[in-house]
Each structure stands twice: as C-alpha cells, then as structure tokens.
Amino acid sequence: MNPQERIAELTNQLNQYNHQYYQNSISEIDDFTFDKLLAELGDLETRYPDFRQPDSPTARVGGTISKEFSTVYHRFPMLSLGNTYSEEDLVEFDKRVQKGLNGQEYDYICELKFDGVALSMTYENGVLVQGATRGDGVRGDDITNNIRTIRTVPLRVNATDVPPLFEVRGEGFLPLVEFERINKERDDIGEALLANPRNAASGTFKQQDSGAVAKRRLDCFLYSFLSEPEIFQTHEESLIAMKQWGFNVSQTWRKCADIREVMQYINEWETNRFDLPLNTDGIVIKVNRYDQQRDLGFTAKSPRWAIAFKYKALAASTVLNGIQYQVGRTGAVTPVALLTPVLLAGTIVKRASLHNANEIERLGVMMHDTVFVEKGGEIIPKITHVDLSRRTDLSQPIIYPTTCPACGTPLVRKESEANFYCPNERGCPPQRQARFEHFIQRRAMNIESLGEGKIELLIDRGLVQTPADLYSLTADNLLGIEKIFINEESGKKRIVSFQKKTVENILTAIDRSKARPLSSVLFGLGIRYVGNTTAERLADYFGSLDGIMNASQEALLLVPDMGPRIAESVVAWFADDYNREFVERLRAAGLQFFGEKKVVEQEGDTLTGKTFLYTGTFANFSREELESRIEANGGRLLSGISKKLNYLIVGENAGPSKVEKAKKLNVPLLGEDEFMAMLVDHPKTEED
Ligand SMILES: NC(=O)c1ccc[n+]([C@@H]2O[C@H](COP(=O)([O-])OP(=O)(O)OC[C@H]3O[C@@H](n4cnc5c(N)ncnc54)[C@H](O)[C@@H]3O)[C@@H](O)[C@H]2O)c1
Ligand SMILES: [Zn+2]
C-alpha cells in the first residue's frame, strides 16, 4: 500500500472508531491500538502533507453533537490532549516547553487522567445554569438535567469571591463499585452487561430520562476553572480555590519542579491508581503558570502546555491450564480461565474472564497456550491475546461443552445472544442455588443471614427444594446440622454449622420476611428482566400479585415504562404451572400479596386511548401532577417521541429538540391551556 492509500485508509478507519466511541459509547478496538494508529497517521501526514485528508482525525476533537439534545457553543473551546506512552516523548515535551518559554523558570502540575467523559459546567451568579459535553470541541450537547443528578456537583456555590460568570470542567465517571453493582443487578435479572465503566458513563450521560440517569450514581472530578477575566495566576491556585468552594477536586495532584519529579509521580501512580474509586488511564502534565500557558498556546486539537502520559495496560504472560464453566441464575454459562498464578499490578492473578464462547473463538486460544492477561478497568483481568510464538504440541483445541457442566442437560443458544444456556431451570443445581440467593437478598426477602454456604447445606440435606420451603423450616430441622466446605484453590476448610443463635436469627429473618412489601416479593420471584424498579412499578400499578399474575400482555404494557420484552417475560412466567404452584405456596406462607395501589383514582376518561409526553414546565401542574392527571383521565405517558405518540404537551422552556422531533413526526403539540381543555368532559349543548 502506498502512503496515499494508507493515509486514506487510516483516516477512514479512525473516523469510524471515533464515531462508535463518541456517538455510540462502543470501543471497537483498545485505546493503545487506537493511539498507535493515530500516531502512525500523524507521522505519515507530516511526511506527505499533500495527502492529508480534510477530515483527518489528527486535527479534530473526535466527538460530535447529537440530535437528541439542544446544542450549546462553548465559550472556550474544549480540546483534546496530546498523548504519549513513552518517557522519551515526555523529555521531548519538556524540551519544547523549555524552548517555548525562552529560559523562564516553570513548574508542572501533575494530575491523574480520569477515564470518563469530559464535562463543562457554567455557573451564573453562583448557580449552575448549564452542563454540556465536549462534542466536537466547539459545540456540545446540553445535558444540564443529567449533570444535575451528580451529587458532588454543587447546584449553587455559596462563596462570595466567585466571579459572576465562570465555567468549571471535569471528568464525569461511573465509580467502579457502582459499575460492579449495576452489572451484578443486570446479571441477576438476565440483562446484557455493560462493557466498561467509561462507555457506561458515556452512554448514561446521553440518556434522555434524567430519572434513569440519577439511578446510576455518576460522579465527577473537576480539573479546570475558566473565567474572563482570569482570576488566578496558576493552575495550582485554581485547584485549591475550587476545592474550597465545594467542588470535587481529587486530591491526587502534585506540583513538580521538573520532569524528573514528574517521572517519579508517574512511577508512584502506576500501581497505586488501582486503589482509586475509578479508572485512570494515565496522568496529565500541565504547565502551572497561566501566562506561560498562554505563551505556549494551542495546536488545532490540543494545548501545547499540557500532555497526557498514558500507562500501557499492565500485562503479564502466563499459561492457560483449564476453563471453568460457571452457570448463573438464568442458566447462562460463562467460561472462566484458570491460569498459572502470576503477579500483575500488585496482585496474584489466577483467573481471567473469557465472557462467552465467541470470545474464545475471537482470541483463537487453545488449552495450555501461553496467554497475555491485562488488568484494565474491570476487577477481574482479561486475556487479551495468545503468545503464538510459545505454542507447543501440548496446546489442545478448546471444546466448548455441549451439555451443562453441572447437570448434563444439552445447552441451547438463543438467537441474538452470545451465551449458551442450560435450559434445566428447575433441576440444575447452580441455577437452583442462585434462585435461592436471589430470593433471600436484601432487596427481595432480606433473609441474608442464610448466605455463605447455608443455603447449599439446606439443599444438600433435602430440607428445601424451592424458596417456598423456607417457610416450613423449624428449629428442630436446623439445629446442629453442619458441613465442611473446602476451597478448591486454597485448600482452606470452612465449617458452616447451625448453632442455636444462628438458627434463631434465621428463623426470625424468615418470619420478618413475611412483612416485606409486594414489590419485594415480586422481585424475589426472579422473573427475567423484572428488576427492582420494574417490580415497584408493577406493584404500584396493579396493587396485588393476583392483578399482575392475571394481567394480559396488553394490560402490562399500560404500566409506565413497560416494554414488550418485560411484559412477555412476565406473562410467560406466570403461565407456567410450576411457577403458579410456587406462588400459591408463598401465599399460603403469608407473604404480602397486596400493596398500596399508588395509581391515581380515575377522574374521567376523556384521554382514554391517547398517549402523551410533556416537555418544559407548567403554570398549573408540577411534573408529578401533570403525570397523574394524564393517568387519572385514562391517558398514557410515553417515555420518548415516536410515531406512537399522540400529543406532546409543550410548557415553558420546552426542550427544542423534542419539539423539533415531534414536528418532524407530525405529532400534534398541545399548549397547557389546550391540554386542560381536554380534561373537561364538555357537556352537550342544547343545539346538539
Ligand atoms: N477504543 C476506541 O475505539 C477509541 C476511539 C476513540 C478514542 N479513543 C481513546 O480516546 C482518546 C482520545 O480521546 P480524547 O480526545 O478525549 O483525548 P484524551 O482522552 O486522550 O484526553 C483529553 C481528555 O482527557 C480527559 N481528562 C481526564 N483527566 C484529566 C485531567 N486531570 N486534566 C485534563 N483532562 C483530563 C478530559 O476529558 C479531556 O477531554 C484516544 O487517545 C483513545 O485512547 C478510543
Ligand atoms: Zn444445568
């Protein structure tokens, strides 16, 4: 391939990766490879400037704006950062700075490079008035409502010494524990898992429903302050002041007198960064003094006074000795690689995740291969590739099981799903075990004193078959039973036994669980896709388990935010005699089958069969009032604008993108007065 063709190819390829990454929150390749390709393109363009393409990703910030949000123009451009993975390049950077400053003294501020989404927040008279994404650097998406859900972002700054108009910038992110929690919940109800915290954060910030955004506890670290005129002399001053004003500034930054101290900072954080509550992919080095920053200036894409040093993902090479196939509650089979123990980022790694059968195929990995494992954002490291140079005759193809490793039932693969499933829902031991664990969890029946091997023991002894059996347990059944568990890896023994105190605690917890609300009971049943929130909505809407159990798919779809996939799953679950019998036994045990029906009393039926959505604020209703009036008069709320929408109610400060979209789809717009008129059942006049 000649240089011209290579330049065209790289431009095209990188623009596509950018599109996926920024618009769809998907990484099609890893960052290191992306950065290598981008550097290759940059080199080629320097050598063959005539072949550079007008849309080259080397000269532009990678993102764009989207149609779903209104567009805002940044007062100061939001740029990218030059990056490097090598210390030599850093020394080069330092030389350029030195030269650019003509022998002046300077120092650096080092910060960690937080791996999330760049955010900009504007404050007027101390009040947060706008929050935006970086977009293409010049314009971004107005995501103010979503940014308001971040607890650590002050809605108002109470200090008297802030300028009347200023902007702060930072990195919005999903904390690692939150990422793990969401994925555990998703796994629990059979939802596809989120790929990594960065892409999850990016996808969350772009959601239309800020209520849904609030449920994911996003956070943000601030690293920049902008105002005109400038009120600080140095970046250091700005970090200190922002912290004092109540902004969330990570206290991991450090002032460094020269590039040697910068290197030291880099080395210290190489492994320490894994103890932070979020992913970091490097550090950012900034010239401290603002006047010097100004002297150094910008390229089209990034400041000349800063650079990002990125850590290569920490990798180690080891041998794949075996694969353990784990079966989850929904029957999904997940392969886990068993490795010769190896030290990686300060911890001994023995296992790595392999996700699913596709992943094994993609990697082309064979048993006894030497493989590279990397610690990325996730807690469990992953296998990134095979060291083919070390493949020997010992390597054996991996034969993915066709039957369940736990119960021997032939596995099935549903269309459009990457996982194989064991369909033996009832008899398969790990599935049964996981069903118990789901049932006793805090957000369900809250009998967590039964955890850690106790359920296993009860099942072993034949004391329980289904969670309904818990309600017939007596002290006589339980007292004194015990089992010794031996950890396969460490060989350590653990004794689980039911002593008097334990038995009392468990029986009390079981008894108390009878008072758990309807929504918890419903969640505890373990219906696929019925998470906590869905269970609450169903309970609020129907007010009784029988109501839900006997509802048709159409009736279920009337519940706010209910989609066909969930409705189908609910109907199918209750259609099963085995499940019905389980439910009847829970009823007999005295669980809560009734709840408070929180759905508003019917006022009238003038809106029957019509669908609504609203935008903006209203003189006569709060959001909640508006919603309940729609429902009380037989109407139904939709969560987005589509052809199915009959009316968009438009209030003050309505979202222009919603209005535009409605117009495009010919959805009629209603003013507040027009909507109120619809609520009144017009009496017939004498003339008709
Ligand atoms: N895997 C893929 O498909 C893919 C595609 C596109 C981009 N990428 C990755 O994204 C990078 C490009 O993204 P980019 O243009 O946002 O550049 P960048 O992420 O390398 O650097 C700029 C960003 O760093 C962030 N940042 C974090 N901590 C900071 C701090 N303390 N101070 C200042 N900024 C801080 C800011 O959000 C800023 O916008 C690429 O180098 C690549 O690694 C990956
Ligand atoms: Zn099975």
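The shell around ligand 1 takes at least three residues from domain 1 (3-51) and at least three from domain 2 (71-310). That makes the ligand a handy place to start. Keep in mind as you go that this is a predicted model.

So what sits around the ligand? There are 24 residues surrounding ligand 1, and the closest of them are Tyr 21, Asp 31, Ser 80, Glu 111 and Ala 118. If you sort the shell around ligand 1 by class, you get 11 nonpolar, five polar and eight charged residues.

Let's follow those two helices. Packed helices in general are described by two things, the angle between their axes and the distance between the axes. For H1 and H2, the axes come within 10 Å and cross at roughly 140°, and the crossing is left-handed. On the H1 side, the contact is made by Pro 3, Arg 6, Ile 7, Leu 10, Thr 11, Gln 13, Leu 14 and Tyr 17. Facing them from H2 are Phe 34, Leu 37, Leu 38, Glu 40, Leu 41, Leu 44 and Glu 45. The residues of this H1 and H2 contact divide into 10 nonpolar, two polar and three charged.

Which hand does the crossing of H3 and H9 have? It's right-handed. In this contact, Glu 87, Leu 90, Val 91 and Asp 94 of H3 meet Ile 259, Val 262 and Met 263 of H9. By class, that comes to five nonpolar residues, two charged and no polar ones.

A couple of backbone details are worth a stop. The peptide bond running from Glu 228 to Pro 229 is cis, its omega being near 0°. You can find Pro 229 in the loop between strand S8 (219-226) and helix H8 (235-244). The other detail is Tyr 529, which has a positive phi of about 75° even though it is not a glycine. Tyr 529 lies in the loop between helix H16 (518-524) and helix H17 (532-542).

Time to step back to the whole chain. Its domain assignment gives domain 1 (3-51), domain 2 (71-310), domain 3 (314-413), domain 4 (429-513), domain 5 (518-589) and domain 6 (611-679). Taken over C-alpha atoms, the centres of domain 2 and domain 6 are separated by 37 Å.

Our last stop is another open sheet, this one with four strands in the order S22-S21-S23-S24 and parallel pairing. Strand S22 (636-637) and strand S24 (669-670) stand at its edges with a single partner strand each, so one side of each has no neighbour in the sheet. Strand S23 (residues 647-650) runs parallel to S24, and two bridges join them. Here, Ile 649 stands opposite Leu 670 in S24. Helix H23 (residues 656-664) packs on this sheet, where it touches strand S21 (611-615), S23 and S24. The direction of H23 makes about 150° with that of S23.

Definitions and conventions
Residues numbered from 1 in each chain as written. Chains lettered and ligands numbered in written order. Predicted model: local features only at pLDDT ≥ 70, side-chain atom pairs only at ≥ 80, totals over all residues. Pairing = 2+ DSSP bridges. Contact = placed C-beta atoms within 7 Å. Axes fitted to C-alpha atoms, helices over the stretch in contact; angles between N-to-C directions. Domains from an automatic or database assignment. Near = placed C-beta within 6 Å. Nonpolar A, V, L, I, M, F, W, Y, C, P; charged D, E, K, R; others polar. Left-handed = near helix turned anticlockwise from the far one by under 90°.
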